[in-house]
Amino acid sequence: MMNKEVKAENNKATITKKDRHNAILRWMFMGSALYNYESGQASSVVWSLAKLLRKIYLKDEEYKEALDNHFKYFNTTTAMGNIILGATTAMEEKDGIESKDAVQALKTSLMGPFAGIGDTLIWVLLPTVMGSISGYMAIKGNPLGAIAWIIVGAILFWIRIKLFDLGYTSGVKLVTDFSDKLSIFTDAMSSFGLMVVGALVSTVVKVYTPLTFVAGKVKLPVQDKILDAIMPSLLAAILTYIVYKMLESKWWTPTKIIIAIIVFSLASSYFGILGVMPNK
């Protein structure tokens with residue numbers, strides 16, 4: 001028994017780069033697959049880190065205690081969870097089971113702020129900006145639109161692995177500083193995303209009305225002489241705003257919105273309210 005404990009003490013920090021990448025790949029593929037309302041992503045964390053923690057904790061009791069610790073509630077954007085789990089892995093490799101409370105405190109304190117950052121950058125801005133650009137290229141018949149989206153996915157995959165390495169090699173200090181300073185970058189990217197969306201609304205969203213205002217002998221096209229004089233692509237901007245407000249409602253799903261737009265377009269075309277935009 002004494003020899004086993006000595007061996008465990010001497011070999012608790014035998015994590016290789018392959019071990020780390022194996023763990024984070026498991027997390028990347030299963031981060032949300034095992035989600036439940038009681039412990040969030042905790043089951044995914046345990047499944048992802050189980051093999052790696054086994055190399056840190058050779059004593060069965062410590063290993064079980066470490067796994068139980070990671071079964072506590074955890075929920076963040078999966079990509080940003082990489083850097084948190086990298087930092088906790090370094091903590092456990094260095095201090096063993098004595099780091100249990102610090103590991104849990106770090107996960108609890110950072111999962112919220114990092115979720116805000118990850119949701120903004122990865123789930124909102126990236127699909128909105130790159131998806132819109134790729135989609136616009138596809139509409140124009142440019143195959144680079146699909147290729148660009150695939151390249152972005154490959155780059156994001158590589159970044160997610162490097163985030164785990166960053167958390168592991170740089171330790172807790174960088175992770176906590178990183179969470180504070182990233183808000184500036186997030187604000188900048190939000191502004192950039194709004195600029196891209198605004199530009200795409202005027203070029204991609206096409207809404208045209210053939211209505212003409214008639215007063216005596218005066219005929220005034222509503223689209224060209226009134227709406228475009230107020231603001232070019234005004235109808236497109238109004239439609240985009242309405243769709244965004246509909247998305248805020250829990251009742252309106254993207255599918256329902258698409259159907260509503262189709263029905264509205266057909267009805268408006270039948271009554272002459274909307275029509276095909278003429279080539280200029």
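Predicted model: local features only at pLDDT ≥ 70, side-chain atom pairs only at ≥ 80, totals over all residues.
Keep the structure open as you work through the exercises.

**Exercise 1.** Work out what span helix α10 should have, and compare it with the model.

*Solution.* Start with the residues: α10 covers 254-270, which makes 17 residues. The expected span is 1.5 Å times one less than the number of residues, so α10 should span 24 Å. Now take the end C-alpha atoms of α10: they lie 24 Å apart, which agrees. Finally, look just after the helix, where Gly272 has a positive phi of about 80 degrees.

**Exercise 2.** Find which stretches the UniProt record lists as "transmembrane region", and describe the chain over residues 226-244.

*Solution.* The unreviewed UniProt entry lists residues 120-139, 146-164, 184-205, 226-244 and 256-277. Over residues 226-244, the model is 84% helix and 0% strand. The end C-alpha atoms of that stretch are 25 Å apart.

**Exercise 3.** Describe how α9 packs against α10, and name the residues that meet.

*Solution.* First the geometry: α9 (residues 234-248) and α10 pack at an angle of about 145 degrees, and their axes are 10 Å apart. The crossing is right-handed. Next the residues: α9 brings Val243, Met246 and Leu247, which meet Pro254, Ile257 and Ile261 of α10. Sorted by class, this contact has six nonpolar residues, no polar and no charged ones.

**Exercise 4.** Trace the pairing of β1 with β2.

*Solution.* Strands β1 (residues 212-215) and β2 (residues 218-221) run antiparallel and are joined by four bridges. Phe213 has Leu220 as its bridge partner, while Ala215 is partnered by Val218. Two residues separate the strands of this hairpin, and in the turn Gly216 has a positive phi of about 65 degrees.

How values were computed: Residues numbered from 1 in each chain as written. Heavy atoms only, no water. UniProt positions renumbered as here; feature names shortened; annotations may be inferred. Axes fitted to C-alpha atoms, helices over the stretch in contact; angles between N-to-C directions. Left-handed = near helix turned anticlockwise from the far one by under 90°. Contact = heavy atoms within 4.5 Å. Nonpolar A, V, L, I, M, F, W, Y, C, P; charged D, E, K, R; others polar. Pairing = 2+ DSSP bridges.
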